[in-house]
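I opened this notebook to record what I looked up about aromatic rings and the charges placed over them. The entries follow in the order of my reading.

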Amino acid sequence: MNYKIGVFTGSFDPFTIGHDAIVRRALPLFDKIVIGVGVNVRKKYLYSTDIRVKDIAGLYENEPKVEVRPYSDLAVDFARREGARYIIKGVRSMKDFEYEREQADINRKIGDVDTILFYSEPQYESISSSMVRELIHFGRDVSEYLPKKPGI
């Protein structure tokens with residue numbers, strides 16, 4: 001059996017309905033998806049790593065093909081540690097595409113890991129974690145941008 005593992009990496013602060021859509025679209029391609037909740041030293045986070053991991057894991061508690069783990073090194077090193085040959089990323093714009101293309105080139109060179117890009121569905125193109133964080137900062141309701149827990 002050719003066991004395929006993909007890692008979906010990001011800071012996910014917070015994990016949005018756009019992120020969830022990428023995971024659900026990627027599920028049929030992999031035997032297992034590991035969502036890697038990263039720590040980027042250049043970012044200031046709204047939620048701790050532990051909270052982000054716990055909240056995301058709760059979304060997929062009924063999906064045995066999804067695991068959630070924190071990581072604090074390069075995404076390519078996390079992928080290799082998890083036994084993954086693929087990094088899953090979502091792109092919403094040309095700016096996202098250019099950034100992810102550069103990362104994919106480096107990851108392939110230094111870790112022999114390929115990147116699979118999923119283009120955002122139109123209804124999710126304007127949703128970003130930074131936009132949701134800003135709305136939260138100003139006391140706005142963001143529930144429509146966050147995935148619902150199973151059974152809710």
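Entry on charges over rings. I began with Arg-85, whose charged end sits over the ring of Tyr-86, 5.7 Å from its centre. A charge sits over a ring if NZ of Lys or CZ of Arg is within 6 Å of the ring centre and within 35 degrees of the ring normal. I then found the charged end of Arg-52 over the ring of Tyr-45, 4.1 Å from the ring centre.

Entry on the source. I noted that the model is predicted, that local features need pLDDT of at least 70 and side-chain atom pairs pLDDT 80 or more, while totals for chains, interfaces and linings use all residues. Residues are numbered from 1 along each chain as its sequence is written, and side-chain values use heavy atoms, with hydrogens and water left out.

Entry on aromatic pairs. How many aromatic pairs does the structure hold? I recorded 5. Rings of Phe, Tyr and Trp (its six-membered ring) pair if their centres lie within 6.5 Å; planes under 30 degrees apart count as stacked, over 60 as edge-to-face and the rest as tilted. Phe-12 and Phe-15 form an edge-to-face pair, 5.2 Å centre to centre with 65 degrees between the planes. Phe-15 and Tyr-60 also pair edge-to-face, at 6.2 Å and 90 degrees.

Entry on burial. I looked up Phe-15 and found it buried (under 20% relative accessible area; exposed is over 50%, partly exposed in between; 1.4 Å probe, protein chains only), at 6%. Tyr-60 is buried at 3% relative accessibility.

Entry on the cluster. I noted that Phe-8, Phe-12, Phe-15 and Tyr-60 form one aromatic cluster.
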